[in-house]
Amino acid sequence: MTQINKNKDAITWETFSEGLWVNNPVFVMLLGMCPVLAVTNSAINALAMGLATMFVLLASTILVSLLSDFIPKQVRIATYIIIIATFVTIIDYVIQAISLDLYNALGAFIQLIVANCMILGRAEAFSSKNKPLKSIVNALGMGIGFTFALLCLGVVREVLGAGAIFGIDLFGENFQPWVVMILPPGGFLVLGGWLLLFDWIKQRQAKDEEQEGRANVA
Amino acid sequence: MSSAQQSMQQPDSPTTRMILVLTGIAMLSGFLVVLVAQLTAPVIAENQRIAIEKAVVKVIPGATTHKEFYLEDGKLVTEKQNQDSDSIYAGYNAEGKLLGVAAKAAAQGYAGMIYLLYGYEPSCECIRGIKVLKMAETPGLGDKIITDNNFQANFDALDAKVDIANRSLANEIVTVKAGTRQHDWEIDAISGATISSVAVGKALNESAQRLMPQVLTQLHVLEQSEVIHDAN
């Protein structure tokens, strides 16, 4: 977001990519940590959780941005919560219909999407202030960023903790899985690892830009 | 009433507008939720039926089809009258012969309830297999109750004979310390997953004590239905 857009409603690449990288909900904003740590013990769970969250985010974004002119300021949070809760209940039924195994694996965390502050945060900070199309593009980016982050954790944890990826065995019989990785502490460890990596990349980028700047001045 | 009508005429009054917006959105979400619930209900019911069928076929060796019965006042019926009556699943082989019955069991595990389905064979009065329907045990430790072959071997023919008075089991099903199994009605625990193993034993004991004496007196109902099955 280096340039100031003269047209506020213009949909730019940044509108979409904000959630992917600059403001990735997990790796940068550290929002919605509960599902991030809890359900990423396998890649498939992480993917399903990411997609479910993305659906709720998109659907609630559409409604919030369409209705934002009608919603009185005093009850906006209550309204957002109702809207989000509706779509969470819907996705809850849909996942039950798609696969009972997946539903059992995700457990209570589908219902807990309601409390994912990333979704409420997007409704409050973006959808209520922007046109529907722009909000959808932004929400799509955020949703993909969130799913990507969950997958990052899920894949690493499943490979280390179960020696498999998407349920497919990688290392054969003799592999001794690092069980702690699919237990809750593993979630913290892997998240810490990813945060370190992303921060390191960011710092290096910043340094490069600084050096380039100096070189240009010289 | 009159004040409400008055404020209806001034839609800009913040309180009225708040109530209107909240009511409107709540109605919209109610509509959406009911719509989706209606649409998905048959699919979810079918999914659950398939899951049960898979489980029944697994816990009764040789069974290919199943039929659901309900235990009400000591009798097995096909139509459910009472909401909380127990389901008994009769498993038949391809020729329609009754091989065994399956029932649900549940007990508190290490992390939440463990729900099981177990297969009971009337000819040997023993439990022939278990399948965990739902649990939240620790991956790598407690979930060995599913993956550990030695533990599963406990249920190849776990003794669950009914006593002479036909009121309960002759021997309580108990989980014993890993490697100390002596009798056919004992379950060898998994070392490192004792709480989960004990829960499985407790669940089986509770359910079999309560249900199997009743089911054994009702076997003719299950076999009769097999005759109807043949006629079809």
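Two residues are taken to be in contact if their C-beta atoms, placed from the backbone, lie within 7 Å. With that settled, here are my notes on this predicted model, in which local features need pLDDT of at least 70, side-chain atom pairs count only at pLDDT 80 or more, and totals for chains, interfaces and linings use all residues. Residues are numbered from 1 along each chain as its sequence is written, while chains are lettered from A and ligands numbered from 1 in the order in which they are written.

1. **Val56(A) and the core around it.** Leaving out residues up to four places away in sequence, Val56(A) touches Ile84(A), Phe87(A), Val88(A), Ile91(A), Ile113(A) and Ile119(A). Val56(A) belongs to the largest nonpolar core, of 48 residues, and is among the members that touch the most others, as are Ala52(A), Phe87(A), Ile91(A), Ala149(A) and Leu153(A). A nonpolar core here is a set of buried Ala, Val, Leu, Ile, Met, Phe, Trp, Tyr and Cys residues joined through C-beta atoms within 7 Å. Buried means 20 or more other C-beta atoms within 10 Å of a residue's own, exposed means 12 or fewer, and partly exposed is in between, with C-beta atoms placed from the backbone.

2. **Who supplies the cores.** At least two residues of the largest nonpolar core come from each of α3 (43-67), α4, α6 (117-127), α7 (132-162) and α8 (184-217) of chain A. The biggest contribution is that of α3(A), with 12 residues. A second, separate core has 44 residues, including Tyr92(B), Ala103(B), Tyr118(B) and Ile190(B). Helices (H or I, at least four residues) and strands (E, at least two) are DSSP runs, numbered from the N terminus.

3. **Helix α7(A).** This helix has 31 residues and reaches 42 Å from first C-alpha to last, close to the 45 Å expected at 1.5 Å a residue; the expected span is 1.5 Å times one less than the number of residues. Of its 31 residues, 22 are buried, so α7(A) is largely enclosed by the rest of the structure. Just after it, Gly163(A) takes a positive phi of about 65°.

4. **Helix α2(B).** Its 46 residues (14-59) should span 68 Å, and the end C-alpha atoms are 63 Å apart, which agrees. Do have a look at Thr40(B), where a kink of about 40° lies shortly before Pro42(B); the bend is the angle between axes fitted to the seven residues ending there and the seven starting there. The buried residues of α2(B) are Ile25(B), Ala55(B), Val56(B) and Val59(B).

5. **Where the chains meet.** In chain B, 23 residues are in contact with 24 residues of chain A. On the chain B side, α2(B) provides the largest share, 18 residues.

6. **Overall form of chain B.** Chain B has six helices and nine strands. Its C-alpha atoms fill a box of roughly 80 × 50 × 30 Å along the principal axes. Buried residues make up 28% of its 232 residues.

7. **Two backbone spots to check.** Phe166(A) has a positive phi of about 50° although it is not a glycine; it sits in the loop between β1 (164-165) and β2 (168-169) of chain A. Glu125(B), also not a glycine, has a positive phi of about 45° and lies in the loop between β5 and β6 of chain B.
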